[in-house]
Amino acid sequence: GSADSKLMKGARFRWLNEQLYTQPSASAFEQFSSAPELYEAYHDGFRDQVRKWPQNPVDLMVGWLRGQKTSLVVADFGCGDARVAALAKQRVHSFDLVAANERVTACDMAHVPLDDESVDVAIFCLSLMGTNVSDFVREAWRVLRPGGVLKIAEVKSRIRSLKRFTGALRNLGFDLVDADESNTMFVMLDLQKAADREPGWVEVTLDPCLYKKR
């Protein structure tokens, strides 16, 4: 019955989740491009997880953008169904492994089709997945204008040491402006692209977010 299919869905979601965390983005892009229904199954499961949270970080990103100039250009890395682009007044470039709708450009997030220094804000909302997270951060550095803003929302359990994580981000060319740990499930970071240095070659390590069997 429906309980069985729910279990099947849960098992499939956990498997897909593991796939995304344990391979580089280029191979995830290949895997999901050849089977977009897998991506859909992953996002269904992901939405079910986030629905249980007191707050959805996407809404916080949108709320923040509402208070900013509408002339800003935004890049949303790992945008899912591109909710930020749907709700924000700014121009938003939305990227993910699969185009869930017409707002999304399908690509490997380590190589987005944007010019150097072409955006004001880069967003990673629960999307630092894969074994090459540093490549994503370096790509955000490439497309951001000097002084541009990097906003990261990430699951708390993935960050063993916030100090070490922000230290690695600093090494990759971003200065920490604010860290908000008030949410039970995730941490929100505001960083600024440093004008005075290039990104180094440090690895950013985050624990995989492995969901327990329900």
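A residue counts as buried when its relative accessible area is under 20%. Keep that cut-off in mind as we walk through this predicted model. Let us begin with S134, which belongs to helix α6, residues 133-143. Its relative accessible area is 1%, so S134 is buried. What surrounds it? Apart from neighbours within four places in sequence, S134 makes contact with L172, V202, E203 and V204.

From here, move along to helix α7, which spans residues 162-171. Its buried residues are L162, F165, T166, A168 and L169. These residues sit on the same side of α7, because they cover an arc of only 155 degrees around the axis. After α7 comes G173, with a positive phi near 100 degrees.

Now for the open space in the model. The largest pocket holds about 620 Å³. Its lining is made up of 31 residues, and those nearest the centre are H43, F46, G78, C79 and G80. Of the elements involved, α3 supplies the largest share, with 7 residues. By residue type, the lining of the largest pocket divides into 17 nonpolar, 8 polar and 6 charged residues.

A82 is found in the loop between β1 (73-77) and α5. Although A82 is not a glycine, its phi is positive, near 60 degrees. Is A82 buried or exposed? With a relative accessible area of 0%, A82 falls under the 20% limit and is therefore buried.

E117 also has a positive phi in a residue other than glycine, here near 50 degrees. Look for E117 in the loop that joins β3 (104-106) and β4 (119-125). Its relative accessibility is 42%, which means that E117 counts as partly exposed.

Conventions: Residues numbered from 1 in each chain as written. Predicted model: local features only at pLDDT ≥ 70, side-chain atom pairs only at ≥ 80, totals over all residues. Heavy atoms only, no water. Helix = DSSP H or I, 4+ residues; strand = E, 2+ residues; numbered from the N terminus. Buried < 20%, exposed > 50% of the residue type's maximum accessible area, 1.4 Å probe, protein only. Contact = heavy atoms within 4.5 Å. Arc of directions from axis to C-beta. 1 Å grid on protein atoms, 1.4 Å probe; cavity = no way out; pocket = protein on both sides within 12 Å on 5 of 7 lines; lining within 4 Å. Points joined across faces, edges and corners; volume = space filled by probe spheres on them. Nonpolar A, V, L, I, M, F, W, Y, C, P; charged D, E, K, R; others polar.
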